[in-house]
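Subject: Structure handover

Hi,

Here is the structure I promised to pass on. Please open it alongside this email, and my notes follow below.

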Amino acid sequence: MISSGLFVNLCIFSFFVSIMIAIRIFLLQRLAHKYKWMSGIYASIVSAILMVYSVTYQQITYDLRFLPLILTVLYFGYRAGAVAGITMAVCSIYLESHWLLTILILIFTFLFSLPLIRYRKRFSLLKQSLLCFFIHFIVHVLLTNYFWNTPIQLPFYSEIEYLVFGILGLGVAVATIEFYRKFYAVAEEAAYAGSDSCKDEEDSFFVRIIKKELEYTKEQLESFINHHMDAVIITDLEGLILRVNEAYEKVYGWKSHEVIGKKYYDIAGAFSKDVHENIKKTVAEKEAINRVEVVRARKDGSLVDLRITISPILMGKMS
């Protein structure tokens, strides 16, 4: 079986993942703009080392050379992945006699993984890495057993071992990298909290939390207004239209860009300026006008019976 060889590969791969994080922490802070390209080259070097410590079983070579490539694509993009893939192919030409098989597996794995770009945001990085490796595994099995004329005798114990070690390697690598990223984010936040720039901005941490809450509340309010079944129009005290929803457009016939920025009483069929002044006084006293029956004109001149409610939006002041 190939367990011992793949275990050596797994240890080497895990070691170089740790080395990559150490390099990122201590040496490459000043080279962040070049880090993606350097990561591609680093991944290809790790792949070459894994090739050197590969194991051969029934005329087929097994190692974890594709794991660095998968991680490079997921964390640094397809450009860095292309650098890693091309360099890995060159290393395979110099190190192996069956380099053409490696290049074919590389090409078909890349092509069949392209559809994941569109849907990758739906999955966590661990799931993305496992999906990519599963695609690679299928390509590997098909090419080696049906197109390379080196069929593996049943049962496929070696293929199962390769699948298990690949999944284990990706799980360890993603867990290690994600732990580092979260720890680094917490450390960076703590460092900022103790810096002079943070002290100049009083309660900056809590201000950021409040801003996020306000953004979330704003999104909820906008969603509520947009999907409300009744026509909604928002104006200032002078009658200037600030916003209307889709139901307003359907009921009255005017599009939002036709009325926003105009005075409400200038729109045909709306309240007269005198009525608006009375409404303004009522709203200024923080009172609401509830379910008044009126007849209004649409854009095409037709009339519609409505019940309207006018409510003030109170803007609190922060002390």
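Of the contacts in the protein with a separation of 6 or more, 57% are between residues 24 or more positions apart. Keep in mind that this is a predicted model. The secondary structure comes to 12 helices and 6 strands. The protein has 319 residues, and 35% of them are buried.

**Nonpolar cores**

In soluble globular proteins, nonpolar side chains tend to be buried together. Here the largest nonpolar core has 50 residues. Leu64, Leu71 and Tyr162 touch the most other members. Helices H1 (3-26), H2 (35-52), H3 (66-95) and H7 (157-193) each give two or more residues to this core, as do S2, H4 and H6. H3 supplies the largest share, 13 residues.

Leu64 is worth a look on screen. Not counting residues up to four places away in sequence, Leu64 touches Leu6, Asn9, Leu10, Leu50, Tyr162, Phe165 and Gly166. One of these, Tyr162, is also among the core members with the most such neighbours.

**Cavities**

Rolling a probe the size of a water molecule over the atoms shows where empty space is left. The count comes to 3 cavities of 30 Å³ or more. The largest cavity holds about 150 Å³ of space. Its lining has 14 residues, and Thr61, Arg65, Phe66, Ile105 and His140 lie nearest its centre. Strand S2 (60-62), helix H4 (99-113) and helix H6 (125-147) each give two or more residues to that lining. By type, the lining divides into 6 nonpolar, 6 polar and 2 charged residues.

**Thr61**

Is Thr61 buried or exposed? Its relative accessibility is 15%, and buried means under 20%, so Thr61 counts as buried. Thr61 is found in strand S2. Leaving aside neighbours within four places in sequence, Thr61 is in contact with Ser54, Val55, Thr56, Glu96 and His98.

**Helix H4**

H4 has 15 residues. From first C-alpha to last, H4 reaches 21 Å, close to the 21 Å expected at 1.5 Å a residue. Its buried residues are Leu101, Thr102, Ile103, Ile105, Leu106, Thr109 and Ser113.

Best wishes

Key
Residues numbered from 1 in each chain as written. Predicted model: local features only at pLDDT ≥ 70, side-chain atom pairs only at ≥ 80, totals over all residues. Heavy atoms only, no water. 1 Å grid on protein atoms, 1.4 Å probe; cavity = no way out; pocket = protein on both sides within 12 Å on 5 of 7 lines; lining within 4 Å. Points joined across faces, edges and corners; volume = space filled by probe spheres on them. Helix = DSSP H or I, 4+ residues; strand = E, 2+ residues; numbered from the N terminus. Nonpolar A, V, L, I, M, F, W, Y, C, P; charged D, E, K, R; others polar. Expected span 1.5 Å × (residues − 1). Buried < 20%, exposed > 50% of the residue type's maximum accessible area, 1.4 Å probe, protein only. Core = buried A, V, L, I, M, F, W, Y, C linked by side-chain atoms within 4.5 Å. Contact = heavy atoms within 4.5 Å.
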